[in-house]
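Here is a quick walk through one protein model, written for someone who likes cut-offs spelled out. Have a look at it first, and then we'll go through it piece by piece.

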Amino acid sequence: MKRSKVNEILRESDAFIRSFGYIMPPFAYWTPEELISRRPEGIIGARLGWDITDYGRGKFDELGLFLFTVRNGRAEDLTRGTGMLYAEKIMISRKDQMSPMHRHNVKAEDIINRGGGKLVLELFMSAPDGSVDPEAEVEVPTDGVVRKLKAGGLLSLDPGESVTLLPGVWHAFWGEGKDVLIGEVSTVNDDLTDNVFNEPIGRFSSIEEDEAPLHLLVSDYDSRIA
């Protein structure tokens, strides 16, 4: 993905988020130079910030996701069972843009339709070996009410609705009708190790530097902030 495309997505996404009255934290708008000079461990170490992925396939409009991690605890907090055990993201799933089938080993998450079109999720349970179970019935809480679906069933969430996905629940999702603003409230998030995809795919994009970055992505931190 070209950096110019990333910058374009950043601008579009910021405008879309603001259109729903959601205000980003101040550090979202730090320049790359400001972030590098400050080097705040609470942002860099927790990998807070902008995140845009095409899953390494180079077809963002078809296969991709915009994310911004607003807050995040540490894995050691989960191990101790005390401390900051939670994370929050704001995301955008564009109309008919697929976020591919995946699950998490550790993270439990609430996925919330914050506005726009319908958010559609395709759901499977895990087989004993962790793979997709093509037969098992799926049970997921939706705003406190348990919903049951056949394997591969589609769950459609209108604005305001949410679903709780526990570790091991396979899910893919996309926007239907319009782009969708998505909230995520979860246990501690680790995008480096806790995403298991059904197909061989990359979590982060390779960036072609055709212009200067508007803001750094979390995937830039390791190479640009020593």
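Let's start with histidine 102, which lies in strand β4 (residues 99-103); helices (H or I, at least four residues) and strands (E, at least two) are DSSP runs, numbered from the N terminus. A word on provenance: this is a predicted model, in which local features need pLDDT of at least 70 and side-chain atom pairs count only at pLDDT 80 or more, while totals for chains, interfaces and linings use all residues. Residues are numbered from 1 along each chain as its sequence is written, and side-chain values use heavy atoms, with hydrogens and water left out.

Is histidine 102 buried or exposed? Histidine 102 counts as buried because its relative accessibility is 7%; buried means under 20% relative accessible area, exposed over 50%, and partly exposed in between (1.4 Å probe, protein chains only). Its side chain reaches the backbone oxygen of proline 100 at 2.7 Å. Setting aside neighbours within four places in sequence, histidine 102 is in contact with Val169, Trp170, His171, Phe173, Asn195, Val196 and Phe197, where contact means heavy atoms within 4.5 Å. Serine 131 is 29 residues away from histidine 102 in sequence, and the two are 9.9 Å apart C-alpha to C-alpha.

Now for the cores. A nonpolar core is a set of buried Ala, Val, Leu, Ile, Met, Phe, Trp, Tyr and Cys residues joined through side-chain atoms within 4.5 Å. The largest one has 29 residues, and Leu35, Ile43, Trp50, Ile52, Phe68 and Tyr221 have the most contacts inside it. At least two residues of this core come from each of α1 (3-18), α3 (41-44), β1 (49-53), β2 (65-72) and β3 (86-93). The biggest giver is α1, with five residues. Apart from this core lies another, of 21 residues, including Ile111, Leu123, Leu155 and Phe173.

With 16 residues, α1 reaches 23 Å from its first C-alpha to its last, close to the 22 Å expected at 1.5 Å a residue; the expected span is 1.5 Å times one less than the number of residues. Its buried residues are Arg3, Val6, Asn7, Ile9, Leu10, Ser13, Asp14, Phe16 and Ile17. They pack against β1, β2, β3, β11 (170-187) and α5 (221-224).

Next, the aromatics. Rings of Phe, Tyr and Trp (its six-membered ring) pair if their centres lie within 6.5 Å; planes under 30 degrees apart count as stacked, over 60 as edge-to-face and the rest as tilted. The structure holds seven such pairs, and here are two of them.

| Pair | Centre to centre | Angle between planes | Type |
|---|---|---|---|
| Tryptophan 50 and phenylalanine 68 | 4.9 Å | 85° | edge-to-face |
| Tyrosine 55 and phenylalanine 197 | 5.8 Å | 75° | edge-to-face |

Tryptophan 50 in strand β1 and phenylalanine 68 in strand β2 are 18 residues apart, and their pair links distant parts of the chain. Both tryptophan 50 and phenylalanine 68 are buried. Beyond its neighbours within four places in sequence, tryptophan 50 has contacts that include Leu10, Asp14, Met24, Ala28 and Tyr29. One aromatic cluster is made of Phe27, Tyr29, Trp30, Trp50, Phe66 and Phe68.

What does the other pair tie together? Tyrosine 55 lies in the loop between β1 and β2 and phenylalanine 197 in strand β12 (residues 196-197), so this pair joins parts that are 142 residues apart in sequence. Tyrosine 55 is buried, with a relative accessible area of 4%, and phenylalanine 197 counts as buried at 17% relative accessibility.

Arginine 203 lies over the face of phenylalanine 204, at 4.7 Å from the ring centre.

Most residues other than glycine have a negative phi. Tyrosine 55, though not a glycine, has a positive phi of about 55°. Arginine 47 also has a positive phi, near 55°, and its place is in the loop between α3 and β1.

Last stop: glutamate 135, in the loop between β6 (132-133) and β7 (138-142). Glutamate 135 counts as exposed at 66% relative accessibility. Alanine 151 is 16 residues from glutamate 135 in sequence and 5.5 Å from it in space, C-alpha to C-alpha.

Notes: A polar contact is a pair of N or O atoms within 3.5 Å; within protein, one must be able to donate a hydrogen and the other to accept it, and residues adjacent in sequence count only if both atoms are side-chain atoms. A charge sits over a ring if NZ of Lys or CZ of Arg is within 6 Å of the ring centre and within 35 degrees of the ring normal.
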